Amino acid sequence: MGVYADLLIDSSRLKSLREALCLAQTHPSGLDTQQSALIQLVIAQIDRHRPLGPDGKHGNRHTFTCGCDDEQSITVDDGISIRKVSESEVLDEDRGMP
Ligand SMILES: [Zn+2]
């Protein structure tokens, strides 16, 4: 096994990054097989954060790092639901505000 490196990117840019990588894969100038496989690796990592359904849409498959900016409930294993909250909401709770 090699050493793995994290690539940090604002999650709100995952969708557009994936679209750009897919476009690069289909560009007529062409990539060689190895380059295309590398791009596919990055796309797979993006899909871990922002999963897509069989229809190619993200829908309500939210994760904590999917990049959707609206507040969402996330259902994890065993039906436990976790709600994403905004930073201001956390600060309000710290101040005892409803
Ligand atoms: Zn999402």
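Angles under 35 degrees count as roughly parallel, those over 145 as roughly antiparallel, those from 65 to 115 as roughly perpendicular, and the rest as oblique. The model examined here is predicted, so to speak of local features requires pLDDT of at least 70, side-chain atom pairs count only at pLDDT 80 or more, and totals for chains, interfaces and linings use all residues. Residues are numbered from 1 along each chain as its sequence is written.

The chain holds 3 helices and 2 strands, where helices (H or I, at least four residues) and strands (E, at least two) are DSSP runs numbered from the N terminus. Along the sequence these elements follow the pattern α-α-β-β-α. Of the 98 residues, 5% count as buried; a residue is buried if 20 or more other C-beta atoms, placed from the backbone, lie within 10 Å of its own, exposed if 12 or fewer, and partly exposed in between. Among contacts with a separation of 6 or more, 27% join residues 24 or more positions apart, a contact being two C-beta atoms, placed from the backbone, within 7 Å.

Helix H1 (residues 14–26) packs with helix H2 (residues 33–49) at an angle of about 155°, the axes being 10 Å apart. Axes are lines fitted to C-alpha atoms, for helices over the stretch in contact, and angles run from 0 to 180 degrees between N-to-C directions. H1 and H2 are therefore roughly antiparallel to each other. On the H1 side the contact is made by Leu14, Leu17, Arg18, Leu21, Cys22, Ala24 and Gln25, and on the H2 side by Ser36, Ile39, Val42, Ile43, Ile46 and His49. By class, this contact has 9 nonpolar (Ala, Val, Leu, Ile, Met, Phe, Trp, Tyr, Cys and Pro), 3 polar (the others, Gly among them) and 1 charged (Asp, Glu, Lys and Arg) residues.

Cys22, in helix H1, counts as partly exposed because 13 C-beta neighbours lie inside 10 Å. Its C-alpha atom is 8.1 Å from that of Ile39, 17 residues apart in sequence. Asp69 sits in the loop between H2 and strand E1 (73–75) and is exposed, with 10 other C-beta atoms within 10 Å.
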